Amino acid sequence: MATATLHETAETVADLLARLGDIPPERVRLRPAPGTATEQDVLDLWNRDRRLCELIDGTLVEKTVGQLESFLAMWLGHFLTSYLIANDIGYCTGPDGMMRIAPHMVRVPDVSFISWDRLGSRFVPITPIPDLSPDLAVE
C-alpha cells in the first residue's frame, strides 16, 4: 500500500507549514517545488549558494542560523567532544553534519553524537550525506 507524502496530503500552504513543524514560511524553498526535492538538491544548494537545508519528504527547508544557535551548538559540542576524548565511544558532528535518517529525509542537527556501535565501524563516513541516524541529536 502506498503512503501519501507530505506535499500530497497538504491542501494549503498552511497545511504544508504545519506538517513541516509550524516553521516560518520563509524557510521553505519553492524551487524545486515542495515534494519534488532530492538529496542532490540539498548538495547543489549548499555548493552553489552555501545555503544549508534539510530535506523533509521532498521539501527543502532552510536551517535557521544565528549567533545564539551557533554559540549553543559549540558549547554543547565542546562538552560532548571533551567526554568523547576521555571515552572513545563514538564521534560528534556540528551544525553542517548532514545525515539521511530515512528515505527522502535529510536532517542537519546542530550537534549530534554517533556511537561506534551504531556505525558498525570506527571510521567517520566520508560521503556528504551518510545513511545513519544519530544516537543523540540536538536542535
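**Close-up views of a predicted model**

**View 1. Pairing of strands E4 and E5 in the predicted model.** Strand E5 (residues 105–107) is connected to E4 by 3 bridges, and the two strands run antiparallel. Within this pair, Met99 is positioned opposite Arg107 of E5.

**View 2. The open sheet containing E4 and E5.** The sheet is built from 4 strands, ordered E2-E1-E5-E4, with antiparallel pairing. From one strand to the next, the twist averages 35°. In general, the strands of a sheet pair through backbone hydrogen bonds, in either a parallel or an antiparallel manner.

**View 3. Helix H3 lying across the strands.** Helix H3 comprises residues 39–49 and lies across E1 (53–56), E2, E4 and E5. Relative to strand E1, helix H3 runs at about 170°.

View 4. The relative accessibility of Ser115 is 11%; because the cut-off for a buried residue is under 20%, Ser115 counts as buried. A polar atom of the Ser115 side chain lies 3.0 Å from the backbone nitrogen of Arg118. When residues up to four places away in sequence are not counted, Ser115 touches Ile89, Gly90 and Asp135.

Note on methods
Residues numbered from 1 in each chain as written. Predicted model: local features only at pLDDT ≥ 70, side-chain atom pairs only at ≥ 80, totals over all residues. Heavy atoms only, no water. Buried < 20%, exposed > 50% of the residue type's maximum accessible area, 1.4 Å probe, protein only. Polar contact = N/O pair within 3.5 Å; in protein donor to acceptor, adjacent residues only side chain to side chain. Contact = heavy atoms within 4.5 Å. Pairing = 2+ DSSP bridges. Axes fitted to C-alpha atoms, helices over the stretch in contact; angles between N-to-C directions.
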